Amino acid sequence: MCLAIPIRVEALLPGQMARVTLSGVSKIVSIALVENVRVGDYVLLHVGYALTRLDPDEAERTLDLMHEAAVPGLSAIAGYGA
Amino acid sequence: MSLPRLRARKLDIRSGLVDLSHGAGGRASAQLIDGIFREAFDNPYLAQGNDQAVFNVPAGRMAMSTDGYVIWPLFFPGGDIGSLAVHGTINDLAMAGAQPLHLTASYIIEEGFPLADLQRIAQSMGRAAADAGTAIVTGDTKVVERGKGDGVFISTTGIGLVPAGLELSGDRARPGDCVILSGSIGDHGIAVMSQRGSLGFETDILSDSAPLHGLVAAMIDVAGPSLRLMRDPTRGGLAATLNEIAQQSGCGFRIEEAKIPVHPAVLAACELLGLDPLNVANEGKLVAVVAPAAADRLLAAMRAHPTGRQASIIGNVTEDDLHLVQMTTSFGGGRILDWLAGEQLPRIC
Amino acid sequence: MKYIDEYRDGNLARAIAATIAEQAVAGRHYRFMEFCGGHTHAISRYGIEDLLPANVEMVHGPGCPVCVLPVGRIDDAIRLAMRPEVTLCTYADLMRVPATAGASLLKAKAAGADIRMIYSPRDAVLLAEAEPGRHMVFFAIGFETTTPSTALAIGLARQKALTNFSVFCNHVLTPSAIRAILDTDHLPEAERVQVDGFIGPAHVSTVIGTSPYRALATQFGKPVVVAGFEPLDVVQAILMLVRQVNEGRSEVENQYIRAVTSEGNVIARRAIADIFELRDSFEWRGLGELPLSALRLRPAYAQFDAERRFEVIPAPAADNPACECGAVLRALKKPVDCRLFGTACSPETPMGSCMVSPEGACAAHWTYGRFRDRAKIGAAA
């Protein structure tokens, strides 16, 4: 369930709204569920509401972990906690 | 002493509305046709003012096609119902290899429709036809009561001449044949969707509505005898078209997703709404199935043409008694392209 | 598309899949359930099964709110929509779901009901504001991902003092459904769950966090890996599950660290708690009545509750008796094991919950994966 897409915050608007854009496609959506949203942040968008901010460091770390997992003879996957 | 001539009131195109008298066949109808359609379509057949166009027919096979257009909104990024109608019929003829000879257009207009909008549509049609070297030579208008039409519905019919020696049909695909797509998919459907109220969004995506007869002429020139069939993936998208051909030809397909061009903005809009570009309508693209030996030169000829710059060999025809359209995803896995029951709807899940 | 494309790298996926093949112990069979329909869709659409070794199998769970919505609730929605003063606002997902006697919202629209497809519950509120002569009923469905949005929309309606807006609430809870899948020890052998671990939902978890899965993992001894929706996320999560099984662990791990935290979205949960309360029990299509598994509006918001305003009386409707959705949802059977699959039951004529939405196990298999059945039939012949 739950199609939610990562999308960039282009502008903050009154009433806890924002303009978000993905590859040139824009919508005005609510950011009332996420605190301290800033222009340039990426949020997860679902039915017109941002659900959470995407963490760029964790996104990077995820890719690193994926690359580590792609190495043959791997004995442990470090880093993913609960 | 001469009787005073009745001075005809000019059509108030700027703020006037279509009313029931415009469809009644009397003076008001004539005024509408003169003021809007004859002006916009500007050709000797219409100028004659008859209910039909009479012309000589070249020897050989003719192709004829008809279509109805009920699109909403009437005006969308990259086109309108008028140009869409002209391109659509030109393209249906082109898929048989035919250059358009003459077109007809019939209008069912809702009472209250702004004359300014009607003029805009008519002028768009006139331009689209002229740009394609053809004309709307005869037509009809009717007006229905308010609430009984969606602004305007348009029906177009076209005839064209099919070059000798060309044998194109949906049942001619054979295992081993190559499948070529003329360009990016999803542009039209997404451009229209972007205007649809709650489901809408801001974007620069334009409908790809365009006539394909020029591209087709170039294709026939270079590979006519090797062409099995051409089809334009309109409603239902590329997935529907490939499935139709698979059924008609009794074959299957193997397609490579990575070879299918899609504009980034179309991909983004599809992500947003949960749509698959493969199911989205196109109005300026074609799929061609060709014997493998001619594929490379056909591709080159298409890419050399302005309407086919992004042409791509996307796969081939397979032997398959289940007539499945199989696809290798860009990801590397396998899936089939299903034939949807109806229009694909956006999803949240 | 940033944060999307990089997680769709096929080469990297194949490399991780090679590691899965290496780590999966020969002779051992691994069966993992992805709970969430979005994962079912991703697995089917990207052909992830083709990358996995033969002894790692994915089975599909009930995490599709369209699929688990009982037929009777669609009937109720159609009845609401047929009221002359009501405009039913709905997600497009629900338009084609078949109700009793082949009815559907799409057919009701054809028969004159004012039904509008919307993208966001907020749009339904704005429509109510723009059309004071109509009563907008928003047909709310969804797991915890979607519930906060409905909550905020109701808050907005209250702020605007609207009297012509209400919600037909069908929001359901994820942990309850997972529990229903797992809690089968009291059932006969043939009906007990046969799953070694779960891929936990991506976006539900952004709201509820990963903590709610801990009790389930511990109580039933099954590992849970919360994963993102992109194919690389899913492949990575499968590797993590294989490792947990090999090491005899039944922990909750979070693969979707870029979006999910253990505590989730507190603001969202507060919004939900403000507006909604638990129903004692709710019927789930294919799973039966589940206790404390769904939400309704609190009495304080009665004026926004369509069930109260229009006195909706639940009228349960049964599924086709030959429908095996219950077994499919619990991973006891595969779509092809159901007599109706591909014959009476297809995406065009869905008989049960697993076929009604593109995410349902049967629909996903039909739409993307049925070419694999031919290979199996051919091999057996």
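Biologist: How many residues of chain A are in contact with residues of chain B?

Modeller: This is a predicted model, in which local features need pLDDT of at least 70 and side-chain atom pairs count only at pLDDT 80 or more, while totals for chains, interfaces and linings use all residues. Residues are numbered from 1 along each chain as its sequence is written, with chains lettered from A and ligands numbered from 1 in the order in which they are written. Two residues are in contact if their C-beta atoms, placed from the backbone, lie within 7 Å. Chain B brings 15 residues to this contact, and the count for chain A is eleven.

Biologist: How many polar residues does the side of chain A that touches chain B have?

Modeller: Strand S3 (residues 25-30) of chain A gives the most to that side, with three residues; helices (H or I, at least four residues) and strands (E, at least two) are DSSP runs, numbered from the N terminus. Ala, Val, Leu, Ile, Met, Phe, Trp, Tyr, Cys and Pro count as nonpolar, Asp, Glu, Lys and Arg as charged, and the others, Gly among them, as polar. By class, the side has seven nonpolar residues and one charged, and its polar residues number three.

Biologist: Now to chain C: how many charged residues are on the side of chain A that touches chain C?

Modeller: Here 36 residues of chain A meet 51 of chain C. Strand S4 (42-46), strand S5 (49-53) and helix H1 (56-69) of chain A each supply at least two residues of the chain A side, with H1(A) giving the largest share, eight residues. By class, this side has 24 nonpolar and eight polar residues, while the charged ones number four.

Biologist: Is Tyr3(C) buried or exposed?

Modeller: Tyr3(C) sits in the segment before helix H1 (10-23) of chain C. Leaving aside neighbours within four places in sequence, Tyr3(C) is in contact with Pro6(A), Tyr42(A), Leu54(A) and Ala59(A). A residue is buried if 20 or more other C-beta atoms lie within 10 Å of its own, exposed if 12 or fewer, and partly exposed in between, with C-beta atoms placed from the backbone. Tyr3(C) has 21 C-beta neighbours inside 10 Å, so it counts as buried.

Biologist: How far apart are the C-alpha centres of domain 1 and domain 2 of chain C?

Modeller: Domain bounds come from an automatic or database domain assignment. For chain C it gives domain 1 (5-60 + 175-252) and domain 2 (71-171 + 265-309). Their C-alpha centres lie apart by 31 Å.

Biologist: Which helix gives the largest share of the side of domain 1 of chain C that touches domain 2 of chain C?

Modeller: Eight residues of domain 1 of chain C are in contact with eleven of domain 2. On the domain 1 side, helix H7 (174-182) and helix H8 (203-208) of chain C each give two or more residues. The largest share, five residues, comes from H8(C).

Biologist: How many residues of H6(C) are buried?

Modeller: Helix H6 of chain C covers residues 147-159 and reaches 18 Å from its first C-alpha to its last, close to the expected 18 Å; the expected span is 1.5 Å times one less than the number of residues. Among its buried residues are Thr147(C), Leu152(C) and Ile154(C). H6(C) is mostly covered, for of its 13 residues the buried ones number ten.
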